[in-house]
Protein chains: 2
Amino acid sequence: MGLAKTEIFSKSQNDIANWAKVLGHPARVAILQHLFKINSCICGDLVLEIGLAQATISQHLKELKTLGLIQGTVEGTSVCYCINPENWLKMKHILTDFLNQDAFENPCC
Amino acid sequence: MGLAKTEIFSKSQNDIANWAKVLGHPARVAILQHLFKINSCICGDLVLEIGLAQATISQHLKELKTLGLIQGTVEGTSVCYCINPENWLKMKHILTDFLNQDAFENPCC
DNA sequence: TGATTTAATCGTAATATTGCAATAAATTAA
DNA sequence: TTAATTTATTGCAATATTACGATTAAATCA
């Protein structure tokens with residue numbers, strides 16, 4: 001069906017999955033890394049930085065915006081993007097908690 | 001096209017995306033959480049625990065196995081699954097490093 | 001042996017994702 | 001105003017993902 005049965009899972013489980021999902025494409029990983037590297041808004045040139053068509057980059061930016069990981073402000077003819085610190089931290093805590101659930105006794109098999 | 005252009009990204013970026021991707025479905029999140037909760041192998045009853053059909057669970061288990069996050073050993077007519085600690089740690093470090101790249105000066109916009 | 005149990009695989013359907021050309025929209029520059 | 005620049009949106013094609021019924025495979029039980 002291609003459609004996840006989100007209703008049978010908890011909000012927490014869906015949150016973890018949704019944050020992970022948006023990081024699940026190398027283009028979005030690269031965009032976020034570049035924004036951190038610049039450490040300020042970047043106006044334009046993301047298309048040159050990543051090697052994909054303008055329409056494709058725009059689509060990935062939209063997904064990052066929808067989840068709130070980045071924000072864009074119009075600056076003349078271009079748009080300036082930067083990381084949204086609050087939502088990055090929110091994601092970071094949710095995913096870190098998930099990743100830190102390990103203890104590894106595993107006394108079997 | 002539905003096919004990510006992985007070749008234009010670094011191995012590191014693809015690794016991050018691939019680990020994130022496997023966590024990008026609530027069923028797989030739930031499976032991993034259950035394995036941690038049990039903290040030992042679980043033989044059977046994952047289908048009952050998660051509310052999806054047996055074929056669907058088996059498919060998700062296969063993805064987790066392919067990435068090496070879980071391992072299964074045959075035990076009679078059933079299969080016992082548990083977390084693979086080495087690969088969990090590997091994933092944890094890769095994703096944690098990515099999540100910790102923040103510093104948040106952001107002196108613009 | 002034959003029946004039962006359990007998990008993997010196959011086949012199929014429906015939806016999602018990725019990518020890009022073409023176009024539209026919005027702003028600036030001449 | 002017109003042209004140029006930049007980003008968003010639309011439309012489409014191809015592949016991926018999700019889900020599940022049916023079947024198969026493998027081991028155990030009677």
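Gly2(B) places a polar backbone atom 3.4 Å from a base nitrogen of DNA strand D. Such a polar contact is a pair of N or O atoms within 3.5 Å; within protein, one atom must be able to donate a hydrogen and the other to accept it, and residues adjacent in sequence count only if both atoms are side-chain atoms. The model is predicted, so to speak of local features requires pLDDT of at least 70, and side-chain atom pairs count only at pLDDT 80 or more, while totals for chains, interfaces and linings use all residues. Residues are numbered from 1 along each chain as its sequence is written, chains are lettered from A and ligands numbered from 1 in the order in which they are written, and side-chain values use heavy atoms, with hydrogens and water left out.

**Contacts with the DNA strands**

| Residue | Atom of DNA strand C | Distance to side-chain N or O |
|---|---|---|
| Gln54(B) | base nitrogen | 2.7 Å |
| Ser58(B) | phosphate oxygen | 2.9 Å |
| Lys65(B) | phosphate oxygen | 3.4 Å |

A residue is near a strand if one of its heavy atoms lies within 4 Å of it. Around DNA strand D there are 29 residues, of which Met1(A), Gly2(A), Lys5(A), Tyr81(A) and Met1(B) come nearest. Sugar and phosphate make up 62% of the atoms of DNA strand D that come within 4 Å of the protein. DNA strand C is surrounded by 30 residues, the closest being Met1(A), Met1(B), Gly2(B), Lys5(B) and Tyr81(B). For DNA strand C, 61% of the atoms within 4 Å of the protein belong to sugar or phosphate, and the rest to bases.

The secondary structure elements behind these surfaces are DSSP runs numbered from the N terminus, with helices (H or I) of at least four residues and strands (E) of at least two. At least two residues of the surface near DNA strand D come from each of helix H4 (54–66) of chain A, strand S3 (78–83) of chain A and helix H4 (54–66) of chain B. Near DNA strand C, H4 of chain A, H4 of chain B and strand S3 (78–83) of chain B each supply at least two residues.

In the grouping of residue types, Ala, Val, Leu, Ile, Met, Phe, Trp, Tyr, Cys and Pro count as nonpolar, Asp, Glu, Lys and Arg as charged, and the others, Gly among them, as polar. The surface near DNA strand D contains 10 nonpolar, 13 polar and six charged residues. The surface near DNA strand C contains 11 nonpolar, 13 polar and six charged residues.

**Relation of the two chains**

Chain A superposes on chain B by a rotation of 180° with 0.0 Å of shift along its axis, at an RMSD of 0.0 Å. The two copies are therefore related as by a two-fold rotation axis. Within chain A, the residue closest to the axis is Ala20(A), whose C-alpha lies at 2.4 Å.

**Residues within the protein**

Residues are called buried under 20% relative accessible area, exposed over 50% and partly exposed in between (1.4 Å probe, protein chains only). Gln59(B), in helix H4 of chain B, is exposed at 53% relative accessibility.

Asn14(B) belongs to helix H1 (residues 11–22) of chain B and is buried, with a relative accessible area of 13%. A polar atom of the Asn14(B) side chain lies 3.5 Å from the backbone oxygen of Phe9(B). Arg28(B), in helix H2 (residues 26–38) of chain B, is buried at 7% relative accessibility. A polar atom of the Arg28(B) side chain lies 3.5 Å from the backbone oxygen of Lys21(B). Leu23(B) sits in the loop between H1 and H2 of chain B and is buried at 2% relative accessibility.

Cys82(A) is buried, with a relative accessible area of 4%, and Cys82(B) is buried with a relative accessible area of 4%. Zero disulfides (pairs of cysteine sulfur atoms within 2.5 Å) are counted over all chains.

Notes
Copies are superposed by least squares on the C-alpha atoms of residues with pLDDT of at least 70 in both.
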